[in-house]
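I opened my notebook to jot down what I looked up in this one. Here are my entries, in the order I made them.

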Amino acid sequence: MDIKELIKKALEAQKKAYVPYSNFHVGSALLTENDEIFTGCNIEIASYSPTLCAERTAIFKAISEGHKKIKAIAVVGDADFTYPCGVCRQVIREFGKDAIIIIANSEDEYREYKLEELLPHSFGPEDLAEADTRSEKNV
Ligand SMILES: O=c1ccn([C@H]2C[C@H](O)[C@@H](CO)O2)c(=O)[nH]1
Ligand SMILES: [Zn+2]
């Protein structure tokens with residue numbers, strides 16, 4: 001996996017951030033199971049709550065194009081190391097239980113995490129499947 005390439009794409013996407021309210025620019029780039037890259041920026045809306053983070057923009061683009069798995073996702077933002085919010089961590093969990101999350105300031109300055117480190121003891125699709133089996137037994 002080319003981490004620097006993923007960070008480069010995230011930095012390019014960050015330039016497209018539509019952030020008239022926070023002026024906080026975030027970019028993201030992810031790698032699918034077949035090594036395709038999808039990018040996203042944050043998009044803010046005047047009524048605030050419909051605002052979408054960069055990570056989810058990238059993820060929803062990939063899923064809506066038929067991809068099912070995320071191998072890695074890079075995030076860059078205006079803060080010194082911008083970490084994904086809790087909502088985005090849960091969305092990454094849905095499509096990338098074993099995903100690598102790259103938090104970058106630049107192509108040369110980055111930190112790498114497993115999703116498990118940023119969202120320990122997570123709840124996910126398998127838990128619902130397991131609950132299904134249990135309730136069948138209880139009938
Ligand atoms: O990891 C993050 C953190 C924040 N934001 C966005 C949401 C909002 O537009 C702005 C300020 O929170 O940054 C992201 O896109 N990703
Ligand atoms: Zn988020």
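This is a predicted model: local features need pLDDT of at least 70, side-chain atom pairs count only at pLDDT 80 or more; totals for chains, interfaces and linings use all residues.

How many strands form the open sheet, and in what order? I found 5 strands in the order E2-E1-E3-E4-E5, and the pairing is mixed. I looked for the edges next: they are E2 and E5 (109-114), each of which pairs on one side only.

Background reminder to myself: strands of a sheet pair through backbone hydrogen bonds, either parallel or antiparallel.

Then I picked one pair. E1 and E2 run antiparallel to each other, with 5 bridges between them. For Ser28, I noted Gly40 in E2 as the bridge partner.

Next I turned to helix H2 (54-64). H2 lies across E1, E2 and E3, and runs at about 140° to E2. Which residues of H2 are buried? I listed Ala54, Glu55, Thr57, Ala58, Ile59 and Ala62. The buried residues of H2 pack against helices H1 (3-14) and H3 (86-95), and against strands E1 (26-32), E2 (37-41) and E3. Just after H2, I spotted Gly66 with a positive phi of about 105°.

Last entry: ligand 1. I counted 16 residues around ligand 1, the closest being Ser22, Val26, Asn42, Cys53 and Ala54. H2 and strand E3 (70-77) are the elements that give two or more residues to this shell. By type, I got 9 nonpolar, 5 polar and 2 charged residues in the shell.

Note on methods
Residues are numbered from 1 along each chain as its sequence is written. Chains are lettered from A and ligands numbered from 1 in the order in which they are written. A residue is near a molecule or strand if its C-beta atom, placed from the backbone, lies within 6 Å of it. Helices (H or I, at least four residues) and strands (E, at least two) are DSSP runs, numbered from the N terminus. Ala, Val, Leu, Ile, Met, Phe, Trp, Tyr, Cys and Pro count as nonpolar, Asp, Glu, Lys and Arg as charged, and the others, Gly among them, as polar. A residue is buried if 20 or more other C-beta atoms lie within 10 Å of its own, exposed if 12 or fewer, and partly exposed in between; C-beta atoms are placed from the backbone. Two residues are in contact if their C-beta atoms, placed from the backbone, lie within 7 Å. Two strands pair if DSSP finds at least two bridges between them. Axes are lines fitted to C-alpha atoms, for helices over the stretch in contact, and angles run from 0 to 180 degrees between N-to-C directions.
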